[in-house]
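Reader: I am new to this structure. Please show me how to read it, one feature at a time.

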Amino acid sequence: MLSYTLHRIILAIPTLLGITLVTFFIINLAPGDPAALQAQEVMDPRISNRVYEQLREYYGLDRPIVIRYLEWLKRIGTFDFGNSMTPDSRRVSVKIMERLPATISLSVLSLGIGFALAIPIGILSGARRNGWFDTVSSTILYILYAIPSYVMAIPLILWVSIELDLLPFQGMRSDNVAQLTPTGQIVDLVKHFILITFCFTYGALAYQSRFVRQNLLEVFRQEYILTARAKGLSEFTVVLKHAFRNTLIPLVTLFGLTFPQILGGSVILEVMFNWPGIGRLFFESILQRDYPTVMALSVISAGLVLLGTLLADLAYAVVDPRVRYD
Amino acid sequence: MAGFYVVVLLVLIAFFSPLIANRQPIVCKYRGNWYFPGMVDVVHHIPFMDRMVKKSPPFGMATFHAKRELSNQDFAIWPPIPYGPRDTSADTFEPPGREHLLGTDQNGRDLAARIVYGTIVSIQVGMVSMGIATLIGIFLGALAGYLGGWVDIVISRFIEIIQCFPTFFLILAVLAWLDPSIINVMVVIGLTSWTSIARYTRGEFIRLQSQEYVLASRALGCRPLRIMFRHLLPNAIAPVLVTVTFGVASAILAEAGLSWLGFGVQQPDPSWGNILRDAYDHLRSAPHLVYPPCVAIFLAVLSYNLVGDALRDAIDPRIAD
């Protein structure tokens, strides 16, 4: 197990290097570097040219791209993401840490709700296949699955936030939050969470409960289920103890694959709800050509994908004693 | 089957959109001559045909206003929506009514016409980007699966690298580099979404490799490329097609999302994504803009998903229930 883990981690290093190389070159070769974007704001062409040259020197963009990449690699070795190339020049790590709570709280919440609902729904509909609950929930979930989250979000905003004026949809807090009482602030926060959490959750919920149901049906065909029934065990025991436990293995993989999304967030939904999260930070950094932030976010998300698949593979062995990595 | 019919319907709408929504008539008799402006527009949608067929003079001129020029005595068959997708008017934010079936947007453009023309973008994106993805995916997957060894290691690693990027991040990063245009969006979506196709093809090729007909054709002296693409591929294509169908749905979604963010199709050209953006920007003043693009995107995605599921059930009856 240990040697397998080490082997996987060593194999991940060239993959990560490849990812940084591709991202670095794509974003750095893009026309319009941060210096040019900021110099545009100066109207006088002679001054703006000088500003452009100075900014390029300041950001170190006047040096060859290969050298810049190697220097970036050297810094990343010490987990230093550098300073951002926007006028405020703040540290990238600070910028990311600022945005993390919004995205993490949202994804943990939606992941939790998703799995908490998907497993019972999947079990119920799988256990009584083609019963009324199965038919109704499968149809609804199939339709929900086909509605993209941002397509769902806009009519929801229209109904709930504008026509009924029930919930806010811009940002995480209201403008007057400082004047509210502590309970009022919590209520305000919860209100801001409801719509975006729903939009984040229902798609995954639909997918996961279909997944649980499918796997349960697969397990029901196994002979040990027939044996368990023949022994006269109650249906409850058969479904929960014999069948469901064996569906945990694919579920663990699914969890591993959803794991990177915890930090990634969703660009469109975060822009739509004006949510101060990682997805919007990435979007803004691309628009501003803020190379260090884009690089940092790409590396982190790629690393998480690799970590997620590794964890899923390792969890395999934990959940299923038959799986061994020797 | 319903999904399949909707897909066919969308393709037909896309192809014949100038006959459904157009500021010029489909057929008309004007000052004693017959003209077919709507028909010519249909032909113009076929690549490179706009150089071969030209509109006859009065209808070909930008200043010619067919609705004003044609009198009641002239014979004309008008399309059901007598507006083009880019025609602005003074009636902004008109609610749905007799004049404008689905109302108008902030520039007084007919929403129904824009939705109809948006179909072209979605169908094109689905076909072209998945065409690119299928070619790359099948080629790399076949090489990795058939040749094995270090070729397999290199290609698998490459697939892993591309997969580690969240696709949407990669598309956004690449599009920062290229001009936002429909062609670039299609190419970029195609270049980033081939990985699952490659993985399926590789898996199928590895599975089929031990079949006797492969050995037989090798014994007959077939070259590897012939074995790969004449003997193995037809047997491996079915499960790959399922992935491609689902891929079309996600390509349509990706394009709509990018256009919503302003990276995809640019105004005044219509796409379901940028129509949805118009709706989002004017939620309070024009709520009627919201539903049509939402329904269109939903229908397209749902129908491709249904086709994909039907294909999968047909191929693997074990899963069907």
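**The nonpolar cores**

Author: Start with the largest nonpolar core, which has 132 residues. I154(A), I196(A), L269(A), I171(B), L172(B) and I252(B) have the most contacts inside it. A nonpolar core is a set of buried Ala, Val, Leu, Ile, Met, Phe, Trp, Tyr and Cys residues joined through C-beta atoms within 7 Å. A residue is buried if 20 or more other C-beta atoms lie within 10 Å of its own, exposed if 12 or fewer, and partly exposed in between; C-beta atoms are placed from the backbone. Helix α7 (residues 111-147) of chain B gives the most to this core, with 19 residues. Helices (H or I, at least four residues) and strands (E, at least two) are DSSP runs, numbered from the N terminus.

Reader: Which residues does I196(A) touch?

Author: Two residues are in contact if their C-beta atoms, placed from the backbone, lie within 7 Å. Not counting residues up to four places away in sequence, I196(A) touches L106(A), L269(A), F273(A) and W275(A). There is also a second, separate core of 16 residues, which includes L141(A), Y202(A), A204(A) and V212(A).

Reader: How should I treat the numbering and the confidence?

Author: Residues are numbered from 1 along each chain as its sequence is written, while chains are lettered from A and ligands numbered from 1 in the order in which they are written. This is a predicted model: local features need pLDDT of at least 70, side-chain atom pairs count only at pLDDT 80 or more, and totals for chains, interfaces and linings use all residues. pLDDT is the predictor's confidence in each residue, from 0 to 100. Where pLDDT is low, the predicted coordinates should not be read in detail. Chain B averages a pLDDT of 84, and 96% of its residues score at least 70. For the complex, the predictor gives an ipTM of 0.83 and a pTM of 0.87.

Reader: What is the overall make-up of chain B?

Author: Chain B has 15 helices and three strands. Its C-alpha atoms fill a box of roughly 75 × 45 × 45 Å, taken along the principal axes. Of the 321 residues of chain B, 46% count as buried. Take the contacts in chain B between residues at least 6 apart in sequence: 67% join residues at least 24 apart.

Reader: At what angle do α13(B) and α15(B) pack?

Author: Axes are lines fitted to C-alpha atoms, for helices over the stretch in contact, and angles run from 0 to 180 degrees between N-to-C directions. Here the angle is about 170 degrees, with the axes 8 Å apart. α13(B) and α15(B) are therefore roughly antiparallel to each other. Angles under 35 degrees count as roughly parallel, over 145 as roughly antiparallel, 65 to 115 as roughly perpendicular and the rest as oblique. The residues in contact include L241(B) and I252(B) of α13(B), and V301(B) and L311(B) of α15(B). By class, this contact has 17 nonpolar, three polar and one charged residues.

Reader: Is R289(A) buried or exposed?

Author: R289(A) is buried, with 22 other C-beta atoms within 10 Å. R289(A) lies in the loop between α13 (278-287) and α14 (291-319) of chain A. Its phi is near 55 degrees, a positive value in a residue other than glycine.

Reader: Where is N130(A)?

Author: N130(A) sits in the loop between α5 (92-127) and α6 (132-146) of chain A. Its phi is near 65 degrees, again positive in a residue other than glycine. N130(A) counts as exposed, with 10 C-beta neighbours inside 10 Å.

Reader: Which peptide bond is cis?

Author: The bond from Q267(B) to P268(B) is cis, with omega near 5 degrees. P268(B) lies in the loop between α13 and α14 of chain B.

Terms used
Nonpolar A, V, L, I, M, F, W, Y, C, P; charged D, E, K, R; others polar.
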